[in-house]
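This briefing is arranged by topic and is meant to be read beside the sequence and the structure shown here.

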Amino acid sequence: MARVGTGSSWEELGVPEESDAILGGGGGDGQRRQATRWELVEARLNQTSKWLVAGCYTSAAIWKHDALIMWAMIGAVLNSMFSNLLKRIFNHERPVSALRSDPGMPSSHAQSFLYSAVFLILSLFYWLGRTYLSVILGVAILAMCCYLSWLRVSQRLHTLNQVLVGAIVGSAFGAMWFALFNLLVQEAFASSVPVQIAVTIGTAILCIGFVIHVVRHWFKDE
């Protein structure tokens with residue numbers, strides 16, 4: 001079971017190779033194959049989760065391209081930069097340093113997922129009000145982002161504490177960033193051309209910087 005499908009090893013996919021020994025206890029070949037397939041799905045989902053979130057932001061920007069989505073994208077980049085700063089400050093080791101050499105506290109994935117979830121949920125309540133639809137969508141979004149964050153623990157890329165800290169920081173940053181939009185930015189953006197120019201240029205600069213970061217790091221990680 002060292003290799004699967006196209007020849008990728010479990011270790012390359014982030015699935016521990018010793019999982020065979022764990023899964024071998026008591027189930028039978030059919031149950032073990034089903035379990036290992038699900039672990040492979042989770043490993044792939046963990047690898048593509050950052051692309052999923054980036055794709056959602058891109059789609060939202062193309063669909064809406066208004067002040068709120070620009071403000072959300074600025075916040076997403078600043079939240080990512082804040083996560084990297086916290087990692088350097090805490091300098092906390094990952095559970096398996098061989099998988100990733102950089103510090104693990106807080107989990108940048110969890111911080112990004114929960115920032116996006118909180119900002120989107122608050123936006124839904126702002127657009128739709130407190131309706132059954134907004135509540136159902138909000139619960140689904142929060143559950144999905146929590147699951148994607150948990151994958152960082154199950155794939156042994158972060159400890160539970162690292163993911164929890166990332167989730168808390170990301171949630172707080174998302175709530176604060178949405179509140180700033182409602183309290184300060186929304187009215188100023190609607191009434192002031194300089195504010196519109198500043199927000200638009202700021203979004204463009206940060207998004208270009210983020211694209212450069214993706215090309216330099218994400219593709220290399222793949």
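Where is the place of Pro106? Pro106 sits in the loop between α4 and α5, helices (H or I, at least four residues) being DSSP runs numbered from the N terminus, as strands (E, at least two) are. The model is predicted, with local features needing pLDDT of at least 70 and side-chain atom pairs counting only at pLDDT 80 or more, while totals for chains, interfaces and linings use all residues. Residues are numbered from 1 along each chain as its sequence is written, and side-chain values use heavy atoms, with hydrogens and water left out.

**Backbone geometry**
- Most residues other than glycine have a negative phi, and most peptide bonds are trans.
- The peptide bond from Met105 to Pro106 is cis, with omega near -5°.
- Asn91, which is also placed in the loop between α4 and α5, has a positive phi of about 50° although it is not a glycine.

**Helix α5 and its packing on α6**
- With 21 residues, α5 reaches 30 Å from its first C-alpha to its last, close to the 30 Å expected at 1.5 Å a residue (1.5 Å times one less than the number of residues).
- The axes of α5 and α6 come within 9 Å and cross at roughly 180°, where axes are lines fitted to C-alpha atoms, for helices over the stretch in contact, and angles run from 0 to 180 degrees between N-to-C directions.
- That crossing makes α5 roughly antiparallel to α6 (an angle over 145 degrees).
- Contact (heavy atoms within 4.5 Å) involves, among others, Phe113, Leu120 and Leu124 of α5 and Leu137, Ile141 and Arg152 of α6.
- The residues of this contact divide into 16 nonpolar, four polar and one charged, where Ala, Val, Leu, Ile, Met, Phe, Trp, Tyr, Cys and Pro count as nonpolar, Asp, Glu, Lys and Arg as charged, and the others, Gly among them, as polar.

**Second largest pocket**
- About 570 Å³ of space lies in the second largest pocket, a pocket being an open set of points on a 1 Å grid where a 1.4 Å probe fits, with protein on both sides within 12 Å along at least five of seven lines.
- Its lining comprises 23 residues (those with an atom within 4 Å of a point), and Cys56, Tyr57, Ala60, Ser116 and Leu120 lie nearest the centre.
- By class, the lining has 18 nonpolar, three polar and two charged residues.

**Val169**
- Val169, in helix α7 (residues 160-191), touches Phe82, Leu86 and Gln111, not counting residues up to four places away in sequence.

How values were computed. Grid points are joined across faces, edges and corners, and a volume is the space filled by probe spheres set on the points. Angles under 35 degrees count as roughly parallel, over 145 as roughly antiparallel, 65 to 115 as roughly perpendicular and the rest as oblique.
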